[in-house]
Amino acid sequence: MSWIAQHAELIFCIVGCMLVTAIPRMGPVMFLQADSLPPALRHWLSFVPVSVMAALLGQDIFFYNGVFSLSWTNLYLVAAVPSLLVAWRTQSFFGTIAMAMGFVAAGRALGVWQ
Amino acid sequence: MSCPAATGKGAGAAASPFWDGVRRALPIVLGYVPVAFAFGVLAVKNHIPPSLAIAMSMLIFAGSGQFVLAGLWGAGAGALSVIVAVFVVNLRHLLMSAAIAPHLSSLPRWQRGLFGFEMTDETFGVHITAFQHGWKLATTTLFTCNVTAQLSWIAGTALGAFCGGLITDVKPLGLDYALTAMFLALVVPQCSSRLHLLTGIFAAVLSLGFKMAGMGQWNVVAATIVAATAGTALFLRQERREGRGQDGNAGGAAV
């Protein structure tokens, strides 16, 4: 049996996944006429970046090692606090990232967090 | 407001649009390589040949989507149910694509298509933030950033798929926090008004709540839609109260 025949279903699956990923990504940016949108929809779109980024963060920082945690043992949540402060006070992009990753690495190196 | 990475104008910034693009992709690369590595390892573990794992990173280029694919495939799910699951996970990109469309309207349609193909949470995040800080679209920077990000994703996948035993733990370096760190840096300048801040908090709480309520992969897209709608409703009410005109952009800080 040829390699392609052997993996036919997986290849079909990958092509299908490519289509369902690419179409939502490409469709609006290619075909949306931004100038002709009603004002309410334009306002709505202006709230999408903050909403989607916060939604992604919300599901990331409240889980540590795959478990929901609101306590100080959640290193992701604890590290977010000084990082957000740095981002707010300094507006520094790389500074914030360095703070966040440095905090996580140091917290583990010092043995405070697992 | 200075946002050097996003505008490429920071101290010591490279002068060329090409290097601006590489610079903009840098934190993304830092996050992608270990995540893609983990994906490569997982794919092989789930009976996906390395060549097809790499093909996924070239053709799909979606972190959560590819993990869902590899996980479900390993669990023996049928192709159609995998495709449906991946569609749901990546549906949030429909909203991002619409939100960034006004900023890219000067590009030819095929370039907008190419941009969309490589648009991830992370590339969307850095570009939309740059636009909001008055970045003047430079095609070279835009595509250099996206291609650099995707190349690092493909390289990480290949490393994981072929030499999975190489690295067992990225935790000591804090690399598992790299992408979260980047979103922490990106979300703060998004909160440009009290209303945007409230909307963001609402979205984070909703996304978490939906996830805990067992909504599966719908949580991010559902939270985004509900929070953005609430934000818009409050904004329009506030605008009506203050008796401002319907000129469309008043107070709409982001677009």
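A residue counts as buried if 20 or more other C-beta atoms lie within 10 Å of its own, as exposed if 12 or fewer do, and as partly exposed in between, with C-beta atoms placed from the backbone. This is a predicted model, in which local features need pLDDT of at least 70, side-chain atom pairs count only at pLDDT 80 or more, and totals for chains, interfaces and linings use all residues. Residues are numbered from 1 along each chain as its sequence is written, and chains are lettered from A and ligands numbered from 1 in the order in which they are written.

## Chain B in outline

Chain B has twelve helices and zero strands. Helices (H or I, at least four residues) and strands (E, at least two) are DSSP runs, numbered from the N terminus. Of the 255 residues of chain B, 52% are buried. Two residues are in contact if their C-beta atoms, placed from the backbone, lie within 7 Å. Among the contacts in chain B with a separation of 6 or more, 72% join residues 24 or more positions apart.

Chain B splits into domain 1 (4-190) and domain 2 (192-255). The contact between them takes eleven residues from domain 1 and ten residues from domain 2. On the domain 1 side, helices H5 (79-90), H6 (92-100) and H10 (178-190) of chain B each give two or more residues. That side holds eight nonpolar residues, two polar and one charged. Domain bounds come from an automatic or database domain assignment. Ala, Val, Leu, Ile, Met, Phe, Trp, Tyr, Cys and Pro count as nonpolar; Asp, Glu, Lys and Arg count as charged; the others, Gly among them, count as polar.

## Where the chains meet

In the interface, 94 residues of chain B are in contact with 64 residues of chain A. The chain B side has 64 nonpolar, 24 polar and six charged residues.

Helix H3 (residues 39-46) of chain A has buried residues His43(A), Trp44(A), Leu45(A) and Ser46(A). They pack against H4 of chain A, together with H6 and H12 of chain B.

H12 (residues 219-241) of chain B also holds Thr224(B). Leaving aside neighbours within four places in sequence, Thr224(B) is in contact with Val48(A), Ser51(A), Val52(A) and Ala55(A), and with Arg92(B), Leu95(B) and Ala203(B). Val187(B) sits in helix H10 of chain B. Val187(B) and Gly160(B) are 27 residues apart in sequence and 30 Å apart in space, C-alpha to C-alpha.

## The nonpolar core

A nonpolar core is a set of buried Ala, Val, Leu, Ile, Met, Phe, Trp, Tyr and Cys residues joined through C-beta atoms within 7 Å. The largest one has 110 residues, and Cys17(A), Ala100(A), Val82(B), Leu184(B) and Val187(B) touch the most other members. Helix H2 (residues 17-45) of chain B gives the most, with eleven residues. Domain 1 and domain 2 of chain B each supply at least three. Val82(B) is in contact with Cys13(A), Cys17(A), Leu69(B), Leu72(B), Trp73(B) and Ala77(B), leaving aside its neighbours within four places in sequence.

## Helix H5 of chain A

H5 (residues 75-90) of chain A has 16 residues and reaches 22 Å from its first C-alpha to its last, close to the 22 Å expected at 1.5 Å a residue. The expected span is 1.5 Å times one less than the number of residues. A kink of about 25° lies at Val81(A), shortly before the proline Pro82(A). The bend is the angle between axes fitted to the seven residues ending at a residue and the seven starting there.

The buried residues of H5(A) include Leu75(A), Tyr76(A), Ser83(A) and Val86(A). Their cover includes helix H4 (48-61), strand S1 (63-64) and helix H6 (93-109) of chain A, together with H10 of chain B. Just after H5(A), Gln91(A) takes a positive phi of about 55°.

Most residues other than glycine have a negative phi. His47(B), not a glycine, has a positive phi of about 65°. Its place is the loop between H2 and helix H3 (50-59) of chain B. Phe61(B) has a positive phi near 50°. Phe61(B) lies in the loop between H3 and helix H4 (63-74) of chain B.

| Residue | Other C-beta atoms within 10 Å | Class |
|---|---|---|
| His47(B) | 12 | exposed |
| Phe61(B) | 26 | buried |
| Val187(B) | 26 | buried |
| Thr224(B) | 29 | buried |
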